[in-house]
Amino acid sequence: MSYRIINILLWPVWFIVTLRIAWREKDWRYFKQRLGYAFPTHIDTPLWIHCASVGEVNTWLTLHHVLMQQYPTLQCVITTTTPTGARMLAKHALPNTRHVYLPIDTVSAVTRFFHHTRPRLALVMETELWPELYRQCKKNTIPLLIVNARLSHKTLDANGWIKKQYARALQGVSQVLCRSQSDADAYMQLGANKKIVQVVGNLKFSALPHVPYQALPKFTKRQYVLAASTHADEELQITRMWKSLSNINKLLVIAPRHPQRCAAILSQLATLGMQIAVRSRGDEITATTQVYLADTLGELLALMSQATVVVMGGSLVPRGGQNLLEPARLGKAIIVGPYMFNFAVETELFLKHQACLQVMDIKELSVALQACLVDNNMCLELGRNAQQLMRDQSDMAARYLTLLNQYYADVLSA
């Protein structure tokens, strides 16, 4: 059965899912534009950039800034598939830039999108492969580049029919600019012509922090370890381990990925009988406080800036880890768990440059933390190595801009 026929059959599903998200977010522009309607009147042949959500928006931002410095009159349209991505763009208020939602990948919705947008060049961030969208780029002779290209094991392990659709989609791509050699190999394995695949480097190393960094007043004089962006079960694992380190008079600060889980976390930790303070309640940190639950939004980078060691959440349970580049920019000693598959390339590079520690389980985390907290020089060296690695990779946006100029300077300046 063809991809188009399946999309027609699934149309009621797309409609219901889109309606639910729009209702939840109170964003009816999302509902209309995802279905292929209510796009603004076309801007004069803009550059079109697609960023699926917040992560891709943050990766794009630095490249956007250097691009606009060279082409200040360039008009841009940025699409996202999520309202959270749209809100992130709105916070940055980029000049000469409009946001619309990417249409669902059907013939009619995509056709209406191109009729109103009429881009001169298309840049897709990282890993979005939409067969109809790519087919119509080729049909409309719109050069299409995948920037900071990466592929997950989930994509490579998809069934034969889906992989065949991806391979067909890649036939409409002009350039695949990859973050690593392993990603380049994966794209060629999926069906990309090796002539269009090129390794550039990881644009995330140049990316702006996803939350504007605002220093917090020093909220405690005590040294602390930060467990950053933790997920379910990690708080209990880490706190139980922390209780066993009775010889270390330090504070454990936990910043959960989803602060709304505060009550559930406190219920779990209550069984340990520890002294816990909660930031949202305004609890004071005393000399006897063992754990501080930072259940607030927008303060993670500030919390990192004052920490002695940062343990990355999502890596002690199979969630794929969280972004270790943010504490690296701040020169922090970083420890990650075994499950860093969402940041495998970054983790490999950090380990190679002795810029982080990786532990395989909670027992190894206990040993690594004790070593860091006892040996201040070890912490400082890890932090210096991480910060130096970030500096060494900080020209990624310039590298990508050089290639855009090499291939499409005439299109961008038209």
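I started with β4 (residues 121-125) and β5 (residues 144-149), which pair in the parallel sense over four bridges. For my own record, two strands pair if DSSP finds at least two bridges between them; helices (H or I, at least four residues) and strands (E, at least two) are DSSP runs, numbered from the N terminus. Looking up A122, I found its bridge partner in β5 to be L144.

Before going on, I note that this is a predicted model, where local features need pLDDT of at least 70, side-chain atom pairs count only at pLDDT 80 or more, and totals for chains, interfaces and linings use all residues. Residues are numbered from 1 along each chain as its sequence is written, and side-chain values use heavy atoms, with hydrogens and water left out.

Zooming out, I get an open sheet of seven strands, ordered β3-β2-β1-β4-β5-β6-β7, with parallel pairing. β3 (97-101) and β7 (197-199) are at the edges with a single partner strand each, so one side of each has no neighbour in the sheet. From one strand to the next, the twist averages 20°.

**Helix pairs**

Angles here run from 0 to 180 degrees between N-to-C directions, with axes as lines fitted to C-alpha atoms, for helices over the stretch in contact.

How do α6 and α7 cross? The axes of α6 (residues 107-117) and α7 (residues 131-139) come within 10 Å and cross at roughly 45°. That makes α6 oblique to α7 (under 35 degrees is roughly parallel, over 145 roughly antiparallel, 65 to 115 roughly perpendicular, and the rest oblique). I listed the contact (heavy atoms within 4.5 Å): V107, V110, T111, F113 and F114 of α6 meet E132, L133, Q136 and C137 of α7.

Next, α11 (residues 234-244) and α16 (residues 362-374) pack at about 55°, their axes 10 Å apart. These two, α11 and α16, are therefore oblique as well. Q237, I238, M241 and W242 of α11 make the contact with I362, L365, S366, L369 and L373 of α16.

**One residue up close**

Is L403 buried or exposed? I find L403 in α18 (residues 396-413), and at 7% relative accessibility L403 counts as buried (buried is under 20% relative accessible area, exposed over 50%, partly exposed in between, with a 1.4 Å probe and protein chains only). Not counting residues up to four places away in sequence, L403 touches L177, Q198 and V200. L177 is 226 residues from L403 in sequence, yet C-alpha to C-alpha they are 9.0 Å apart.
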